[in-house]
Structures are given as structure tokens and as C-alpha cells.
Amino acid sequence: MTAAPNAPLFHRLVDRSGPTIPFTIDGVPAVAQPGDLLMTAILLNRPALRPFEFADAHRAGFCFMAACQDCWVNLADGRRVRACTTPVENGMAVVIDGGARV
Amino acid sequence: MSDPVVAIVGAGPAGVRAAEALAQAGLRPIVFDEAQRAGGQIYRQPPPGAERPGEDLYGFEAGKAKSVHAVLSDLGERVVYRPRTLVWNVYEQRLDTLTDGGYGEQAFDRLVLATGAMDRVIPFPGWTLPGVFTLGGAQIALKAQGVSIGRRVAFVGAGPLLPLIAHQYAKAGAEVVAVLDVTPFSARARQAAGLLAQPATFAKGLYYTARNALRGGTRASGVRKLRVEGDGRVEALVWTGADGREHRVACDAVGASFGLRSESQLADLAGCRFAFDPVTRQWAPERTTAGRSSRPEVYLAGDGAGIGGADVAELQGRRAALAVLEDIGRAVDASEVARLDAALARQARFRDALEAAYPYPDHLVASIADDEILCRCEGVTAGALRDAVREKGATEVNRVKAFTRIGMGRCQGRVCGHAAAELVALERGCPVSEAGRLRGQPPVKPIPVAGGAA
Amino acid sequence: MSEKLAVDACVVGGGIAGCAAAVALRKAGMTVAVLDRGACGAGASGVNFGGVRQQGRNLHELPLARRSRRIWDTLAATLEQDLEFDVSGHIKLARSEADMAELEQYARDAREYGLELQMLGANRVRSEIPWLGDKVVGASLSPEDGQANPRVVGPAFARLARRLGAEVREHRRVTAARRTERGFAVEAGDLTVESAWLVNSAGVFGGTLASWFGEHAPVEPLMPNMLVTEPLPYFVSRSIGVCGGDVYLRQTGRGNVIFGGGRGWGDAEIARSRPLTDQSLGGMQRTLDLVPALTSAQVIRSWTGIDGQTPDRIPVIGHSSTTPQLVHAFGFSGHGFQLGPVMGEIIAELVTQGRTPTPIEPFAIERFAAEGFAAQTAELTHTEH
Ligand SMILES: Cc1cc2nc3c(=O)[nH]c(=O)nc-3n(C[C@H](O)[C@H](O)[C@H](O)COP(=O)(O)OP(=O)(O)OC[C@H]3O[C@@H](n4cnc5c(N)ncnc54)[C@H](O)[C@@H]3O)c2cc1C
Ligand SMILES: Cc1cc2nc3c(=O)[nH]c(=O)nc-3n(C[C@H](O)[C@H](O)[C@H](O)COP(=O)(O)OP(=O)(O)OC[C@H]3O[C@@H](n4cnc5c(N)ncnc54)[C@H](O)[C@@H]3O)c2cc1C
Ligand code: FES
């Protein structure tokens, strides 16, 4: 069994109740839960966080503890944020492959 | 005369215990931690909104976690706690900070560095594919976020963290398809006596090992030649077993790392002298049992100056605070000092046995091929490092860095610096202690060009 | 165990100037030893901004810079090393009419030396560099200028010197040198080098070495504070400076934006240097004012290094005024990277022919002895890289 190329990486094992947090990835709507870090929110929907600058490849973070700096992502408003330490916010527009921006 | 300013970097077990002892003595220490909440690595607290019962998060350690978490809030106004604050530089007696994107600074008279550790990484083919995380990363995904890194997860490692994390994943309902130790089981059996110096911990390790055995999936020790396969994401983990045969398991995520390494950049920037520890094969800032560094104003506690684990970190934090108090001329309870020193000596014996139980997997470093990415930030291969040594005369890692960019990227060599030194040593045929150590440079982590004042 | 070497020329200081000299001297058939207290090319030569710039130089330097620029064209082939040399052009920005007048005057003067600069009005600058902030009123462009990776240039010269047969000895700190009957004796720990010629290319240490031979050359340490961002999408197509020199930046082919910001700390005695936070933050703010596009970028590293700076901000190049067969080339005052390659040829010419066709009179060490020297240079306040 291998995952479909675009299937998400993460899987939620512990569900949390509470209002959902809407955000977008390359313009596509997605929802997160309160307490989700951006890395979690993205990887529950996608297999990667960003393209790698120096090769035809993607990266999805590595250490999850603010050490490796592999998880910096672009937001449509121009901000760059470290996904493993940044809480997801209502309306965040994540840009991974520059796809349709809203 | 006003009280000396004591700054503490790190609100893990070491940092909070240091803060507690200083506050009890009537000082008002300032505690910096870049995380949103106190607790450090092992007792990491989920972000607000993702809280869960302590027993689910910390298992056996729930009580200790609770007690560590309570320290700063119980101290209230007696400490100054600065969460979400990265300390990105130490220069003379001043810290440079970044809080929520704003720059600040803090002068200090005494500094306690309790910066903890991260996973030690050894590259293998496929390690930069999406879906490969450190063991620590896999654990944080679960503990802090309640997610698993994949549907079918394989874990590889060298150290007690491996069975622990595998157990935690299995217990949370994830499918753990392989748990592979790159060190031989025989090494652990040999060290059983030393490990029993600390029976609770060793028993815990066995407990997890036993539990894992019951749950299916492949378990193996002494594995070699790891490889992750996949087109754009993890599809399988391949390894050579102790039997010499190649094995493969389909999976969509891998947690892999090989012990821990100290987060010691700030100590470097503070000018602390480093020493090479041949057992863990790492450079660490020198410290006395009391936590004094080579610099009179700088103290070191916890895993940031050599790996000792959480219980040791708490003891070291308290002990370093007492050293600060002694050095600024405050009365300290001599019997407590003696008790702490004796406890730390006991722990040191246990740690030696633990290190010997999980010998450094040098076979993994030796098998790194030329086309493998060594520096994941810059995408530089092991071949480029070998070329710098062989053809360009580089004899140590800083020169390799200058020639190849290894260690020059966003992580500043945290991830690759260790393996780079090992490879330089192998290429030169010299001990790794002669391959140098990447010099720290500010900022220790990325900082924004457009930072306002904090 | 002590060791003795006997060579025609002993080069003290394995920066880009010294290593280039070793190459040129070997090519001229002389036996050569190079001594460096650290690793060759790891001093100022290895940590600089990487600007290969002619525009804006003191006019006296232009003949050297012109000649050096020609060498840069084929240098990668000569050294058998990719130097990441990119003829991106160097653009110098004016933020006031006074700046603009200064640039126009400089362009007229530079033409006398064969350096053609293009004056760009505000609209041209804006169309060429749309992301510049609104403070720019015009600019001057030097299309031939560019940038290179400093970390590899000096070491590549050292390797070539070695391939050509020079004795390159690293981690050898020279503590004494004196005139002997046959030439010089140079002491570096347990190594003694005897040579007919002595080349002083010791960077910030050059003044001290000169003083051993009774010469006066005031050299102060100069530590430009440098910062670099994470790799960003390519947008800074030229190397950029400003009138006044307080902002300069370039983007490497890999995407990192390198920029300067003030001065760091350094101690030449122990060869240690550190960037200074206030200087870094100031440089970040000034660069941001000029380049708002950097708003979301992250700085991943900062550093500095120690160059030797003279009171008049031009180097000391030429024969010693006291000691035959001693040649000086030091004190490049923050802009000797571009000049490095030609310094090798000029030093070799001075050694083998006694003179060089390139005018170097303004760099004579005697100038510091002249009366009124201090007064002439008092108004100099800034340095460009
Ligand atoms: C992923 C992982 C899992 C682990 N699991 C276990 C385990 O199960 N059992 C065990 O005994 N040990 C474990 N360890 C070892 C663990 O490091 C120690 O047990 C314990 O956490 C050490 O405590 P400490 O106070 O020294 O450091 P930490 O708990 O790591 O705390 C250090 C703190 O310093 C902060 N910090 C670091 N640098 C800066 C900076 N520049 N600016 C601001 N803040 C900074 C960090 O944010 C962190 O909160 C684990 C380690 C890791 C990395
Ligand atoms: C941060 C920075 C940015 C710069 N940016 C630019 C730029 O963009 N463009 C440009 O053209 N220039 C720039 N420069 C200037 C340029 O780097 C220097 O002028 C040039 O490299 C000088 O070369 P050098 O060989 O004279 O000196 P160095 O490279 O300093 O070499 C001198 C050598 O002498 C050795 N030495 C010193 N004392 C002894 C001793 N006692 N015994 C043995 N060896 C000794 C040192 O170890 C050193 O390697 C910059 C300089 C710095 C520091
Ligand atoms: S995943 Fe390593 S820093 Fe975010």
C-alpha cells in the first residue's frame, strides 16, 4: 500500500472539539482545529510544506521543534513563517506551489 | 546595591529548576524560552486548544511533567518569564532577543544556559523526502498535536527514545510497521548492570520493548544500510538486517534519528570553552558538576551541555542556580549542595552505561554515498565534502563549510554538522575530535530583516 | 623539531594578494614560500562581501582595478575553480541631487582611466529596478563590475601556488623577520625561512611587519559587518551600492541576499572578530528602507572579518623605503578583493623587474612620513566595499 501522490502526510489520532479554523492552501479551502500548528494544519491536507529551492523536490519539515528550519512557508500576504511553531490562524493563505492565489 | 541580574535561557526541566532555586533565594531571574509554553522538550505542552490529560501525553512522567509545568506559574511575580522569545545571540554580557517579531536585548550579570537538545541526525538515502522526520519530531507530532506522521509508520534509531516513541504511537492507535535499532542488542545486554544503577528508567525501557514485541510489525536490532524509497514521498523503508539480507517494508512515514545532540550555539557565542567527549563523539561546552563553565559569568544546565536526560536536567538546573548563588556571595545550604552532587554522580554512572548500551552507529556514516545529500538546507552532497577534503585540502569542518556551504543554511549546521565532522574524519583517517566543530554565528536561528522593537 | 627553508621569495600573509603573488613568482621561475598564521584565504580575503567593483574607487586605484578586472575574466580557468564570478554590473544609487552631482563628476573622472559608467535618471532606475524604495533620484551603472564567491578565490590561488611548486605553509604565524647578509630570515614558530626577497602581504598585520624594518604605515583593523538572508527568489540582478557607502547588497546565484551593515568588532592580535548587533540591526533597517522587498526575508547568518585600513583608505604597494628586496602590498582598506588577482602580477614585476608598468606611486609607504599627511586625510569618513 502506498499513499496517493497528493494524499496528506499526517493523520489525526486525537480529535479535538471546538470551532474549526478556515484557511487556504494554494487557494484551496481547508480547515484546521484550535491548537493546530500551521505545520499540522498543512500536512493534514497535503504531503509537503514547500518546494525545495535547489532541486526538483518538496520538503515537509523534519524536526518539529524549531531546530532544522526546514518548515518555513510562504503566506500570500508576503509573510514567511516557521510552520512548526506558528499557530494556524483564521484566513491564513498558505502558498506552496504558487498555485491559484485568492 | 541592587540584586545581580540572572538570565536563564530555556524553560525546560533544567531552566525552570534553576529559576525556582534563584527565586527562592530572593533573586528575580529572567527566563527566556522561544516556545509558547514552558516545559522544554520532554515535558512539552501542547499549544492552547490542543491540551490533553497529562497521563496521555507524558505516561509514567505525568507527575513530573505537572510539577515542572507548575514551577513558573507558582513563582508568579518572583520570576520574569518571557515566553515566545528567541535568544539569538550572546555578546559580552548581553542577550539579543526576538519576541513575536520584535527585537530586544537583555543585559545580565550571570547567565544560565539551559537550551536542551535535539535529535542527532545521520543522513541515509531518502532522508530528505517528505514523510521522514526525526524521532523527536514524530513524538512531538503525537504529543503536542495529536497527529501521527503517517498511516503506516516505521521508526529507526539508536537509543532509548526508539522503543518509547514506537510504544507511544502504537498506544495512540497508529500502525507501527517497523522498529529498527541500528545498534546491536548485545551491547545493551552487556550494559545491563550499569543500567540497573537507575532501575526505574531501565525497567521502563524493557517495558516498552516488551510491549512493542506484542504488537506485530517488524522489530530488529543491529540493522545497517538504511534507505527510504519513494517518488516525491515515502513509500518504503529498506535495510540490511543482522542476517545480512535486505528487508523492505511499505510505509508512508519514517521517524529516524540516532541519539541526541546538545543545543550549544549560545554557549559558543558566550565564549565558553568546549571539550570533545569521545563516548558520545560530540563537542560540548565544558562544565563542572556544579554547572560552572569556563566563563565566570556563564553556567550550564541540562542537555544543552551534554546529554543526561530529564531527571538529570532538573538536578543540574537546581545545582547551577546554587553555584550562581555561591558565586555572588549568597548563603547556600551546604547539605543540599552535597546531596545534589552525590545524585549527579550516581546519574553520571548510569549515563555512561546508557551510552555504551547504544554505541554510535559509525557504520551508517561510513556507508554514506557520494551522491547523498548531507546538508539538507543547501542540498550539498557528501561527495562535495569529500572533494573539499581530498582535492581542496580542507582538514576541518569550518573550511569544508567555506568551500561547500555545508552548515551554512537556515539551520546553521545543527542538523548536518555532526555527520559532516564524522565524514571529514573518515576521509582524513583521523579521529573525529580532529575534524573540528562548526563555529557558532549569530543569529542562532533565522531573524527577520524587518523586525521592529519588541 | 626546527625546520629551515631557503627560497628566492618569502611571502608573509596568504590572503588573495599573497597567494596570487606566490603564483606569479613561481611562474616567473622563482622559488617561493608562503606563510600564513591561519589557513590561506581565510582572512579578509575569504569573508568579504564579494564585490568585484571598480566604480567608486579612489581614482589612483583605477589603473590597478582595470588591469585586475581583465584578469578576473579568465581567472576561473586559470585557477581551475568555479569562482561564481558574475558580471552583474554594479549600480551606485544617488539619494539626493548632491549625490547625483557626485556620481556625474566621478563618471567624468573615471572615463580618463577608461572606465565607462552609465548615468541613469530616476525613471531609468525605477524601470530597471522597480522594487527600489522611493528614495532614489538616480544612479550610475558600471556594467563590467560584478561579484564572486570570496570563500573559494584565495584558497584556489593557494592550491595553484602549491601545484606550481610553492611551499605553502599554513598555521605558521610569523613573529620576526630581519635582514641578513644574503637577504632575510623569517621566523614562524619552529620554521625559519631564508629568502632573497620578502613580500609583506600580511593584511592588517602589514604595518607591524613594516615597522620591523623601520617603516611607518598606520594600519587600523577594519571590520565590515555582513549579513545574509535565506535563499530568496532571484530579484537583485545587480550588485548595489549607494553614495555614502552605508548600504550595499547583492544576491548570489543561489538566492541569498548578502548585505552590509556598519562595523563589527575585531581583535587583530588574536585574529577574532564578531558582528555587532546594533550595527546589524541598523544595516537591516537601512537596507530595508532602500529595498522594501526584503520585508519578509529572514537573516540566517552574520559575520565580519578583519582587513587593514590606512588613514587615506588606499593600500600600501611598492618597494620598501628602507630595505632593499622588501616589497609591500597591504592595507587594502576594505576593497582589496577585486584587486587581489592583479596584486600577484604587480608584486612579481616589482621583484623580478624592479618596477611595474601600472602606476603605483600614490601607494608608496613613504607617504605616511610626509608632513601634513594627517591633515589631508582628516575628512575621509567612510569606506566602500
Ligand atoms: C524530541 C526529544 C525527545 C526526548 N524524550 C526524552 C524522554 O523521553 N526521556 C528523557 O529522559 N529525555 C528525553 N529527551 C531528552 C530531553 O532533552 C531531556 O530529557 C530534557 O528535556 C532536558 O531538559 P533541558 O531543560 O535540558 O532541555 P529542554 O527540555 O530541551 O529545554 C530547553 C528549552 O530551551 C529553549 N531554548 C533553546 N534554545 C533557545 C534559544 N536560543 N532561545 C530561547 N529558548 C531556547 C527550548 O525552547 C526549550 O524549551 C528528549 C529530547 C528530545 C529532543
Ligand atoms: C567583511 C569584509 C567585506 C569586504 N568586502 C569587499 C568587497 O566587497 N570587495 C572588495 O574588493 N574588497 C572587500 N573587502 C576587502 C578585502 O577582503 C581585502 O581588502 C582583501 O581581501 C585583502 O587581501 P589581503 O591578501 O591583503 O589580506 P588578507 O586576506 O587579510 O590576508 C592577509 C593574511 O595574512 C595573514 N597574516 C597576518 N599576520 C600574519 C603573521 N604574523 N604571520 C603569518 N601570516 C599572517 C592572515 O592570516 C591573512 O590570511 C572586504 C573585507 C572585509 C573584511
Ligand atoms: S520542522 Fe524543523 S524547524 Fe520546523
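1. Leu93(C) has Val242(C) as its bridge partner in S14(C). Strand S4 (residues 90-94) of chain C and strand S14 (residues 239-242) of chain C run parallel, joined by four bridges; strands here are DSSP runs (E, at least two residues; helices are H or I, at least four), numbered from the N terminus. This is a predicted model, in which local features need pLDDT of at least 70 and side-chain atom pairs pLDDT 80 or more, while totals for chains, interfaces and linings use all residues. Residues are numbered from 1 along each chain as its sequence is written, chains are lettered from A and ligands numbered from 1 in the order written, and side-chain values use heavy atoms, without hydrogens and water.

2. Stepping back, S4(C) and S14(C) belong to an open, mixed sheet of nine strands, in the order S24(B)-S19(C)-S13(C)-S16(C)-S15(C)-S14(C)-S4(C)-S6(C)-S5(C) (strands pair if DSSP finds at least two bridges between them). Its edges are strand S24 (447-448) of chain B and strand S5 (118-121) of chain C, each pairing on one side only.

3. Now for the ligand. Around ligand 2 there are 34 residues (near means a heavy atom within 4 Å); the closest are Asp36(C), Ser45(C), Val174(C), Asp307(C) and Gly336(C).

4. Have a look at the polar contacts, which are pairs of N or O atoms within 3.5 Å; within protein, one must be able to donate a hydrogen and the other to accept it, and residues adjacent in sequence count only if both atoms are side-chain atoms. A side-chain N or O atom of Ser45(C) is 2.4 Å from a ligand 2 oxygen, and a backbone N or O atom of Phe49(C) is 3.1 Å from a ligand 2 nitrogen.
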